[in-house]
Amino acid sequence: MLRAGIFGMQQDGAPEESEGKKCAWKGHKARMQMRLDKREEYVMSEWKQLWLQYHPVADQGFGAYAGTVVLDGFVNTPVINSLKEEAARGLKGMLGTEPVFADQAEGACIRIRRVDAVASAKAEEELSENQKTESYRILVTPEEIRIEAAGEKGALYGTFALLRAIGTGKALQEAETETVPSNPLRMLNHWDNMTNDIERGYSGDSFFFKDGTVIVDERTKDYARLVSSVGINAVVINNVNVKGDATDLITDRYFDKLAAMSEIFAAYGVSLYLSLNFASPIEIGGLDNCDPLNEEVIAWWKGKIAEVFGRIPNFGGFLVKADSEGRPGPFTYGRTQADGANMLADLVKPYGGTIIWRCFVYNCTQDWRDYKTDRARSGYDNFKAMDGDYHDNVILQIKNGPMDFQIREPIHPLMGGLRKTNQMLEVQIAQEYTGHQIDVCYLMPMFKEVLEYHTYCTNHPEENDRQKEGAGDQVKDIVSGRTFGNQKSGMAGMAAVANTGNDANWTGNDLAAANLYGFGRLSFDTELSSEEIAREWAQLTFDTDKEAIDVIVRILMGSRATYEKYTSPLGIGWMVTPGFHYGCSVDGYEYSRWGTYHRADHLGIGVDRSSHGTGYAQQYYPENAEQYEDPARCPENLLLFFHHIPYTWKLSSGQSLIQYIYDSHFEGYEEAEGMAKAFEGLKGRIPEDSFENISGRFRLQLDNAREWRDQVNSYFYRKSGIPDEKGRPIY
Ligand code: GCU
């Protein structure tokens, strides 16, 4: 039977790299792991509860209500049982109270009450079914703390919210809230392989798969608790690059285990999704093609999909990476992306299923000598022309930027560029290019920038588009479905490539858990600030004094800016070790086939993406395009993404570009040192294992930042011949 390989090139860093590169990558990875292992003494069989530790807190008045929990209008179901279990656990841990669950209460109580609706009727009209049943309200009266919800998932989220209020030391009245999830879908995409490893995983192996089998155990449940507590409602458990055994996840080999996993997830309001191999009809169906318009292929999928939905309860649908980095897809047969997506969508529709189709389609065999082809253009070029051709249960999933999760990129022009097609945002909390969960890099500030970006799409209505009157034009309005009227159908939202693994602390660096927590919270409520989220996370995670929390929050809040300073400057990106993507290699990708170039010479650096260059800037609406087009108006942090700039160019600060490169790299290293030093002050104030974990990572981060600083500075000094005005060491 045919297996992967027939469709050619693989993704970056995967086995089809040259043998030499492969060994270098593996060697580097192994060395890094050894360095980490030596510094950590985690007992790997025990995993942490992270922000669900429920450590004891000073009671702000909640204890008086916590003796009885009344379920009013809710009957025992798996979700309600989860709610009860969590409430009991949280109240006991934090307040020392063991609540009684009853139909009515004698004195003060926590009442969980079913209501018809949480949001106002007008707001309700716009919401998806999901959002209606996931909303909650918390009210505090002298008699009761009331959690109101129209569905059991809302009741569960409301319970988590109350526990969070207690855990973060809120006063009673501050627990009051009315919360409607901002996004219908709030998803995690795990890139776990069935060979145990995780593509771009930096925290151990998979806890979903081991040696070709699916794992369902106590950790599955703790995983579901953790993600549900921050509002995640959908999870893809396997890598988008579906190969080997993973292709068989849609066969009888795995149905029982997947059904068991799905039931555990469902009890926490989470739907299970799978990534799909578009070539399944060939690889497991024995057909000789996977042409989406071929009758035999369609018939095969029809049977297969009936089987999958029949065997896995609460199954959500499929995520598909097609025609991307060597993965099979409709292009092979001269068909469009819409042909592929719609064929599958029609077949999952009777089961209420969704097809999430990724827009990460580009030419990964580019010639570096070619200045016209531009990887940044490819998403828009491949998908804009077919806007409106996708069926209503297809969602196009778009990475936040046009390249690949760099520390700084412009917003993807398909955001708001697509006006008649369901779309959702994909971000990456796995720190592939942002420090591998060794370097601290809290990503909520970046995600907030993405969500708050104005696309100006509403200024340019098109015939037959679905623009809602008075709709906002920010990315958060678009991906939630509010702008183009696809919120109601639930075909909208946010996804993150997950950063978890089977390390005891789940995320490698204890501090990286703030990104897992943060993504969930932010996708549930896009109005939260990065700092609020960081503070909540720190308070729930560390049982320590306010000053220590302040230190942790300050470290997190500054970490992205610091990382950006010591790595690639002003939006140019890359400069990382090829394949592995950690550590500096300025020319690592410069002469490669991946379309990721900085084009530095002795006079300047950057890629001309204006209309004189690749024309990428013109993919935006005019308000943005005009700015990007002109180096004098282009946001400076994206200057090198859009323009080739001389080293002597004066920035708004008065610094020349070359001096900015030197200054920011020296500063970035100093800031990293400052963070590490501030953290050292927490010795004895946070648990010893966390302290050791984080300070060990900081030592590695400093090595990394120093290499970046010196390599980048030396590289540009050697290219330009212009010395540092301040005469600091450059090599
Ligand atoms: C990046 C990443 C790959 C991944 C790909 C994707 O290129 O390096 O490992 O498969 O993104 O998003 O599909």
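Reader: How many salt bridges does the count come to?

Author: The model is predicted. Side chains of opposite charge can pair when their charged atoms come close. A salt bridge here needs a side-chain nitrogen of Lys or Arg within 4 Å of a carboxyl oxygen of Asp or Glu. By this rule, the count of salt bridges is 54.

Reader: Which residues are linked with Asp-72 in a network of salt bridges?

Author: The network includes the acidic residues Glu-144, Glu-148 and Glu-178. Linked with these and Asp-72 are Arg-111, Arg-113, Arg-137 and Arg-146.

Reader: Are Asp-381 and Arg-377 buried, partly exposed or exposed?

Author: The two side chains form a salt bridge, with 3.0 Å from N to O. Buried means under 20% relative accessible area and exposed means over 50%. Asp-381 has 41% and Arg-377 has 22%, so Asp-381 is partly exposed and Arg-377 is partly exposed.

Reader: Lys-384 and Asp-387 also meet in a salt bridge. Are Lys-384 and Asp-387 buried or exposed?

Author: Their N to O distance is 3.8 Å, and the limit for a salt bridge is 4 Å. The relative accessibility of Lys-384 is 18%, while the value for Asp-387 is 11%. Because the cut-off for burial is under 20%, Lys-384 counts as buried and Asp-387 is likewise buried.

Reader: Which residues come nearest to the ligand?

Author: There are 15 residues around the ligand. Lys-399, the salt-bridge partner of Asp-404, is among the nearest.

Reader: How many charged residues does the shell around the ligand have?

Author: Sorted by class, the shell has four nonpolar and three polar residues. The number of charged residues is eight.

Reader: How much of the ligand's accessible area does the protein cover?

Author: Oxygen atoms of the ligand lie 2.9 Å from a side-chain N or O atom of Asn-241, 2.6 Å from one of Arg-358 and 2.5 Å from one of Glu-432. On its own the ligand has 310 Å² of accessible area, and the protein covers 99%.

Reader: Where does the ligand sit?

Author: A molecule sits in a cavity if more than half of its atoms lie within 2 Å of the cavity's grid points. For this ligand, the site is the largest cavity.

Conventions:
Residues numbered from 1 in each chain as written. Predicted model: local features only at pLDDT ≥ 70, side-chain atom pairs only at ≥ 80, totals over all residues. Heavy atoms only, no water. Near = heavy atom within 4 Å. Polar contact = N/O pair within 3.5 Å; in protein donor to acceptor, adjacent residues only side chain to side chain. Areas by Shrake-Rupley, 256 points an atom, 1.4 Å probe, with all protein chains shown as cover. 1 Å grid on protein atoms, 1.4 Å probe; cavity = no way out; pocket = protein on both sides within 12 Å on 5 of 7 lines; lining within 4 Å. Nonpolar A, V, L, I, M, F, W, Y, C, P; charged D, E, K, R; others polar. Buried < 20%, exposed > 50% of the residue type's maximum accessible area, 1.4 Å probe, protein only.
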